[in-house]
Amino acid sequence: KKAADAGHTHAKLKVGVSSCEDDLTRLDGIMKACRQLTFRLDANGAWTTDQALRMLSALPRDRVELIEQPVDDEDLPALLERYDRAGPLIAVDESCADLERARALIRSGRLGAIVIKPSVVGGLLRASGLFELALRHGVKVIISNLLESAVGRRAIAHLAGAWPELTGPHGLATGQWLAQDLAPEEDRLGQGKLVLEQAPGIGFMPGTAGSS
């Protein structure tokens, strides 16, 4: 509810620690309580292929946009092959740390979405290359970060701003989770969006003062 009141349209939930039945019960309660929000789930590879298929078929596409890393990397090709794509999108995150693997998944024609962290894939330029490839193949792109300081976080945010074709929403409003940061001021959030500075570069001179 707090996320919706702050203007956010999407929320990310972790799943896969409990049984599929427990997850479905918990998710049903959350969806009923937070009708304004669309959800993204992250299983961190916890499910078998059969479990993932069951969850994908049980969850409503209009409320659950995607499930990230539903199975281990070795099981992902079989899951993509068997999934009818009628429910939530299958998304990858850890699987795209290897650039060649990420490109192959995008080109497969079966991947629904990819979470790209520029620091993981080798920087802003390599991330941009993946953005372009994903757009050509109809794969949704979500730009995220490694809970970085304001320097890395805002650089990635400016990259996201340079790609308006990638509608997001992205995962960059993480500065409030840090007790101390390198920017003189906290990130400015407005209606669930990170407001970029208009100054040159990333918009500020890094320092040791400031908290978020």
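Colleague: What rules apply to the model and its numbering?
Modeller: Residues are numbered from 1 along each chain as its sequence is written, and side-chain values use heavy atoms, with hydrogens and water left out. The model is predicted, so local features need pLDDT of at least 70 and side-chain atom pairs count only at pLDDT 80 or more, while totals for chains, interfaces and linings use all residues.

Colleague: Why is C20 called buried?
Modeller: Buried means under 20% relative accessible area, exposed over 50%, and partly exposed in between, using a 1.4 Å probe and protein chains only. C20 has 6% relative accessibility, so C20 counts as buried. C96, with a relative accessible area of 1%, is buried too.

Colleague: How many disulfides does the structure hold?
Modeller: It holds zero disulfides. The term requires a pair of cysteine sulfur atoms within 2.5 Å.

Colleague: What makes a set of residues a nonpolar core?
Modeller: The members are buried Ala, Val, Leu, Ile, Met, Phe, Trp, Tyr and Cys residues joined through side-chain atoms within 4.5 Å. The largest such core has 52 residues, of which L41, I114 and F131 touch the most other members. Helix 7 (residues 124-136) gives the largest share of this core, five residues; helices (H or I, at least four residues) and strands (E, at least two) are DSSP runs, numbered from the N terminus. A second, separate core has six residues, among them L66, L89, A91 and A113.

Colleague: Which residues is I106 in contact with, its neighbours within four places in sequence left aside?
Modeller: Contact means heavy atoms within 4.5 Å. On that rule I106 is in contact with L111, I114, L130, L133, A134, H137 and V139. I106 lies in helix 5 (residues 99-107), and its 1% relative accessibility means that I106 counts as buried. I106 and H137 are 31 residues apart in sequence, with 6.7 Å from C-alpha to C-alpha.

Colleague: What makes a space a pocket, and what makes it a cavity?
Modeller: On a 1 Å grid over the protein atoms alone, a cavity is a set of points where a 1.4 Å probe fits but cannot get out; a pocket is an open set with protein on both sides within 12 Å along at least five of seven lines, and lining residues have an atom within 4 Å of a point. Grid points are joined across faces, edges and corners, and a volume is the space filled by probe spheres set on the points. The largest pocket has a volume of about 1,200 Å³. Of its 40 lining residues, P169, H170, G171, L172 and A173 are the closest to its centre. Strand 1 gives the most to this lining, with four residues. The largest cavity holds about 40 Å³ and is lined by R154, L194, V195, L196 and E197.

Colleague: Where is the cis peptide bond?
Modeller: It joins G168 and P169, with omega about 0°. P169 is in the loop between helix 8 and strand 7 (188-190).
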